[in-house]
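My notes follow in the order in which I looked.

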Amino acid sequence: RIQSRINRYLVIINNLLSDSNKKIEIQDSKLVAVQDNGIISLDKLSSGEKQMLLLTMRVFLTNEQPSVIFMDEPEISMHISWQNQLIDVLRELNPNAQLFITTHSPSVLSKGWGEKITYMEDITI
């Protein structure tokens with residue numbers, strides 16, 4: 001089961017990275033980035049790639065358990081296509097997570113998530 005989840009995670013993250021010809025792999029029990037058949041340091045990833053890797057890994061590590069995840073402007077440094085996919089990707093990694101997201105980007109909510117919005121002024125006194 002664990003290996004299956006890891007493989008699914010790698011498919012998801014590598015699908016996101018496919019436009020840049022980069023891949024995330026596990027080699028010698030370490031997470032590495034690969035580009036053009038060579039290992040590149042994770043700190044050489046773009047800030048958007050690092051952000052997506054960090055967010056997806058954080059949700060992956062919840063182990064599909066019921067979770068509450070808070071994110072403040074997760075779209076920072078992300079390409080608009082990733083902003084469009086963000087919630088779907090996170091929900092795929094953990095459908096049992098409740099996401100609290102603050103954002104200035106309408107793209108994060110563009111794939112049908114708009115009806116799920118709760119505005120702060122609607123819940124504050």
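**Pocket.** I began with the lining of the largest pocket, where β5 gives the most, with 6 residues. The model is a predicted one: local features need pLDDT of at least 70, side-chain atom pairs count only at pLDDT 80 or more, and totals for chains, interfaces and linings use all residues. Residues are numbered from 1 along each chain as its sequence is written, and side-chain values use heavy atoms, with hydrogens and water left out.

For the elements I used DSSP runs numbered from the N terminus: helices are H or I of at least four residues, strands are E of at least two. I noted that β4, α3 (80–93) and β5 (97–102) each supply at least two residues of the lining. How many residues line the largest pocket? I found 23, and Leu99, Ile101, Lys116, Ile117 and Thr118 lie nearest its centre. By type, the lining divides into 14 nonpolar, 6 polar and 3 charged residues. In that count Ala, Val, Leu, Ile, Met, Phe, Trp, Tyr, Cys and Pro are nonpolar, Asp, Glu, Lys and Arg are charged, and the others, Gly among them, are polar.

I wrote down a volume of about 810 Å³ for the largest pocket. A pocket here is an open set of points on a 1 Å grid over the protein atoms alone, where a 1.4 Å probe fits, with protein on both sides within 12 Å along at least five of seven lines; lining residues have an atom within 4 Å of a point. Grid points are joined across faces, edges and corners, and the volume is the space filled by probe spheres set on the points.

**Whole chain.** I counted 3 helices and 5 strands. From the N terminus on, the elements run α-β-β-β-α-β-α-β. The C-alpha atoms fill a box of roughly 55 × 30 × 20 Å along the principal axes. Of the 125 residues, 34% count as buried; buried means under 20% relative accessible area, exposed over 50%, and partly exposed in between (1.4 Å probe, protein chains only). The chain exposes about 8,000 Å², of which carbon and sulfur atoms supply 53%; the areas come from the Shrake-Rupley method with a 1.4 Å probe. I also looked at contacts, meaning heavy atoms within 4.5 Å. Among contacts with a separation of 6 or more, residues 24 or more positions apart account for 57%.

**Isoleucine 101 and isoleucine 87.** Isoleucine 101 lies in strand β5. I logged isoleucine 101 as partly exposed because its relative accessible area is 25%. Not counting residues up to four places away in sequence, isoleucine 101 touches Met71, Pro74 and Ile87.

The C-alpha atoms of isoleucine 87 and leucine 99 are separated by 8.5 Å.

**Threonine 62.** I placed threonine 62 in the loop between α2 (47–60) and β4 (67–72). Threonine 62 counts as buried because its relative accessible area is 18%. A polar atom of its side chain lies 2.5 Å from the backbone oxygen of valine 59. Beyond neighbours within four places in sequence, threonine 62 is in contact with Ser67, Ile69 and Asn94.

**Loop between β4 and α3.** Glutamate 73 is in this loop, and I found glutamate 73 partly exposed at 24% relative accessible area. Leaving aside neighbours within four places, glutamate 73 is in contact with Gln51, Thr102, Thr103 and His104. Serine 77 is in the loop between β4 and α3 too, partly exposed at 45%.

**Positive phi.** Most residues other than glycine have a negative phi. Serine 77 has a positive phi of about 75 degrees. Aspartate 28 has a phi near 50 degrees, also positive. Aspartate 28 lies in the loop between β1 (22–27) and β2 (30–35) and counts as exposed at 75% relative accessibility.

Key
A polar contact is a pair of N or O atoms within 3.5 Å; within protein, one must be able to donate a hydrogen and the other to accept it, and residues adjacent in sequence count only if both atoms are side-chain atoms.
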